[in-house]
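Here is a short briefing to read beside the sequence and the fold. Take the topics in any order.

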Amino acid sequence: MRPFLELQPTANQTYRLIGNSARGNLNARLEQSYKAEQSGDYQSACQLRYEAFEDILATLPDDEDGAVPLDRTHPNTLAAMEITLASAVDNYLAGEGEIAAAQLELLLDCDDEDPLEATPILALCYAMIGEWECLEDIEQDLGDKTALTPLLRALKQFVTTGKIESAIVSQLSRYKEFTAELKRADHPTDEAYARDINSDRPSRAALARELYLRAEVALNIYPQFLSALVAQLK
């Protein structure tokens, strides 16, 4: 009997995850998790994604053999990558930074071009668990076009030295919508925000709130940081 999920090499020196049954249909399993989430059953959605991730992990070679490059042009294989990312986000939001980081590291090992943009959430995981050297290693991959880069620089400096240099605060201040979001007392995810962020061209303010809400989980690990940062923002 063929396994429900198997790794198949391609002529391009990549691998595909071939599904041979309903359990191996990763697209369907991912969609099922999204439907559960949309119905308000977030716990079931997370469980569905994690169970699918465990099946994917069991199909990949053991760590000692090294990661294999995956063919993201193949729908079931791309679904495997999307499941890994979504499950990592679930774990990050649940405060399980180490598990999430391991999932994201695996994903990047399987496709170092990072087509799903896993690096920003990995950076937040490293901040959450205090892996500052690991954060430094991927900082250049974040780039200078996101407020996340100076935000995490400020966080690292605050945690490791107890203060934030004005130069880093100045870097962050260039992102006006994001700094405005940092200064807000609340960050509502109301209907107006949902409509904006899900539109074809979300506003800068909505994107800033989305970034804040994503970063908030890691920032809350260090409860004195935000007040110290906001006090220095103009």
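In which helix is Glu-31 found? Glu-31 belongs to helix H1, which covers residues 26-38. Keep in mind that this is a predicted model.

- Glu-31 is partly exposed, because its relative accessible area is 38%, and partly exposed is the band between under 20% (buried) and over 50% (exposed).
- Leu-48 is 17 residues from Glu-31 along the chain. The C-alpha atoms of the two are separated by 9.9 Å.

- Strand S1 spans residues 5-9, and strand S2 spans residues 15-19.
- The two strands pair in the antiparallel sense, over 5 bridges.
- Leu-5 stands opposite Gly-19 in S2.
- Pro-9 has Tyr-15 in S2 as its bridge partner.
- The hairpin has 5 residues between its strands. In this hairpin, Gln-13 takes a positive phi, near 65°.

**Thr-84 in helix H3**

- Helix H3 runs over residues 75-93, and Thr-84 has its place there.
- Thr-84 has a relative accessibility of 4%, so it counts as buried.
- Beyond residues up to four places away in sequence, Thr-84 touches Phe-53, Ile-56, Gln-103 and Leu-107.

**How H4 and H5 pack**

- Two packed helices are described by the angle between their axes and by the distance between those axes.
- Helix H4 (residues 97-110) packs with helix H5 (residues 119-129) at an angle of about 145°. Their axes are 9 Å apart.
- The crossing of H4 past H5 is left-handed.
- By class, the contact of H4 with H5 has 10 nonpolar, 2 polar and 2 charged residues.
- On the H4 side, the residues that meet H5 are Gly-97, Glu-98, Ala-100, Ala-101, Leu-104, Glu-105 and Leu-108.
- On the H5 side, the residues that meet H4 are Thr-119, Ile-121, Leu-122, Cys-125, Tyr-126, Met-128 and Ile-129.

**Two residues of H5**

- Thr-119 lies in helix H5. Its relative accessibility is 8%, so Thr-119 counts as buried.
- Leaving aside neighbours within four places in sequence, Thr-119 is in contact with Leu-108, Asp-114, Ile-138, Asp-141 and Leu-142.
- Ile-129 also lies in helix H5. Its relative accessible area is 29%, so Ile-129 is partly exposed.
- Not counting residues up to four places away in sequence, Ile-129 touches Gly-97 and Glu-98.
- Ile-129 and Ala-101 are 28 residues apart in sequence. C-alpha to C-alpha, they are 9.2 Å apart in space.

**The loop between H4 and H5**

- Asp-114 has its place in the loop between H4 and H5. Glu-117 has its place in the loop between H4 and H5 too.
- Phi of Asp-114 is near 55°, a positive value in a residue other than glycine.
- Phi of Glu-117 is near 55°, again a positive value in a residue other than glycine.
- Glu-117 counts as exposed, because its relative accessibility is 62%.

**The nonpolar core**

- The largest nonpolar core has 63 residues.
- Leu-151, Leu-152, Phe-178, Phe-225 and Leu-229 have the most contacts inside this core.
- Leaving aside neighbours within four places in sequence, Leu-152 is in contact with Ala-123, Leu-124, Ala-127, Leu-135 and Leu-142.

**Ala-208 in helix H11**

- Helix H11 covers residues 204-219, and Ala-208 lies in it.
- Ala-208 has a relative accessible area of 6%, so it is buried.
- Setting aside neighbours within four places in sequence, Ala-208 is in contact with Glu-177, Phe-178 and Glu-181.
- Gln-171 is 37 residues from Ala-208 along the chain. The C-alpha atoms of Ala-208 and Gln-171 are separated by 16 Å.

Definitions and conventions: Residues are numbered from 1 along each chain as its sequence is written. This is a predicted model: local features need pLDDT of at least 70, side-chain atom pairs count only at pLDDT 80 or more; totals for chains, interfaces and linings use all residues. Side-chain values use heavy atoms; hydrogens and water are left out. Two strands pair if DSSP finds at least two bridges between them. Helices (H or I, at least four residues) and strands (E, at least two) are DSSP runs, numbered from the N terminus. Axes are lines fitted to C-alpha atoms, for helices over the stretch in contact, and angles run from 0 to 180 degrees between N-to-C directions. A crossing is left-handed if the near helix is turned anticlockwise from the far one by less than a right angle, and right-handed if clockwise. Contact means heavy atoms within 4.5 Å. Ala, Val, Leu, Ile, Met, Phe, Trp, Tyr, Cys and Pro count as nonpolar, Asp, Glu, Lys and Arg as charged, and the others, Gly among them, as polar. A nonpolar core is a set of buried Ala, Val, Leu, Ile, Met, Phe, Trp, Tyr and Cys residues joined through side-chain atoms within 4.5 Å. Buried means under 20% relative accessible area, exposed over 50%, partly exposed in between (1.4 Å probe, protein chains only).
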